[in-house]
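Try each one on the structure before reading its solution.

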Amino acid sequence: MENNIPGASLLGRKPEELKTSELRFWLKCCRDVGKGLKTKVELVKQVRDYIQTGKDKHVVDPDLHKIYSRRKEKQGMNSEPDTDSNESVQFPSSGWGTSLEKMTMFTRLQMNRHILKSGKAITNVEHHTVLTRLVKARCFLDDKYLEDIECASDSRYFFFKGKCCHSFRKSDPPHNLKIALCILSGEVVSASCSFVAGKVGFCNHVLAMMFKMCMFTLFSSTTSKDLSEEQDQQSSVACTSQLQQWHKKGGGKNIAPQPLMEVEVRKIKDTESTSRFSIKPLLYDARMKNTHNLATEQNLKNQLRYINPNMDLVQMACHIK
């Protein structure tokens with residue numbers, strides 16, 4: 001049982017090296033809820049006492065719904081996973097957070113099984129629609145289009161939800177993603193996206209989220225925010241030891257919408273801080289004057305009324321407030 005519960009084993013670490021939440025979970029696996037233990041020093045002392053007395057050998061399932069025990073039984077059966085995604089799944093309206101404590105293992109195996117439900121091949125060269133889709137999904141992940149990833153769980157499913165920004169229409173709100181996994185086998189039970197082509201759960205945005213979920217498993221993440229920064233995936237090294245970065249493009253909210261009439265192209269020389277020459281649109285933009293002066297409008301109406309009170313434009317202006 002100890003090998004089937006992430007966090008039930010110290011894995012050669014000293015109790016002082018663990019966080020407070022990890023110590024409390026370890027004690028919970030030993031049937032100790034940690035009542036009355038408020039500081040880390042008290043928790044470390046309790047863990048040491050359990051190790052010395054041999055109580056750490058009696059590991060139990062700390063989950064209320066016995067998820068880890070059921071997951072172990074599921075793995076021991078060696079049965080084919082249930083790939084029926086037509087099951088109606090009710091996503092919770094509350095209880096969302098960032099903890100991945102109860103997340104089951106999710107890899108490319110489960111992801112490929114989900115893609116096969118679309119009826120398209122993955123490795124067949126003649127049908128490269130899914131291959132192109134995977135490449136685009138990977139671009140969404142690398143350029144950090146995903147944001148606000150949260151998760152929740154119940155006795156049967158582990159839920160993910162998040163947002164994926166548009167690649168071109170930056171002024172539109174991001175797409176809403178929802179994915180439900182079987183909490184025992186990790187198979188995709190339900191997936192959807194607010195994008196028009198993502199209602200059935202096979203669009204680029206959903207696949208990008210699944211790539212992120214694979215990374216959570218690969219890096220043994222404890223929260224959905226662990227991989228939000230690049231330093232969490234590779235060690236910090238000097239800039240001279242890294243690959244060139246000038247081809248990297250920022251995605252998501254790093255690209256803001258901007259009117260074409262406000263774009264100005266400059267070429268700055270090494271000896272100058274600003275350029276004397278620039279290229280910018282010379283067309284008239286009626287949006288530049290966005291202020292409205294009521295006095296000027298009323299003056300124009302009075303002048304038109306003085307010229308000809310029966311003019312159609314004057315009659316229309318009188319009805320406009």
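A patch is made of residues with over 30% relative accessible area and no salt bridge, with like charges joined within 9 Å and nonpolar side chains (Val, Leu, Ile, Met, Phe, Trp, Tyr) within 5 Å. This is a predicted model, where local features need pLDDT of at least 70, side-chain atom pairs count only at pLDDT 80 or more, and totals for chains, interfaces and linings use all residues. Residues are numbered from 1 along each chain as its sequence is written, and side-chain values use heavy atoms, leaving out hydrogens and water.

**Exercise 1.** Find which residues make the nonpolar surface patch of about 390 Å².

*Solution.* Pick out Leu260, Val263, Val265 and Ile279, which make the patch. Next, zoom in on Val263: look in the loop between helix 6 (204-218) and strand 5 (265-266). Val263 has a relative accessible area of 32%, so this residue counts as partly exposed (buried is under 20%, exposed over 50%, partly exposed in between, with a 1.4 Å probe and protein chains only).

**Exercise 2.** Work out whether His114 is buried or exposed.

*Solution.* Start in helix 4 (residues 108-116), where His114 sits. His114 is buried because its relative accessible area is 4%. Now skip its neighbours within four places in sequence: His114 is in contact (heavy atoms within 4.5 Å) with Val188, Ala191, Gly201, Phe202 and Met210.

**Exercise 3.** Trace what stands opposite Cys164 in strand 2.

*Solution.* On one side, Leu146 stands opposite Cys164. Then turn to strand 3, where His175 is the bridge partner of Cys164.

Technical notes
Helix = DSSP H or I, 4+ residues; strand = E, 2+ residues; numbered from the N terminus. Areas by Shrake-Rupley, 256 points an atom, 1.4 Å probe, with all protein chains shown as cover. Salt bridge = Lys/Arg side-chain N within 4 Å of Asp/Glu carboxyl O. Pairing = 2+ DSSP bridges.
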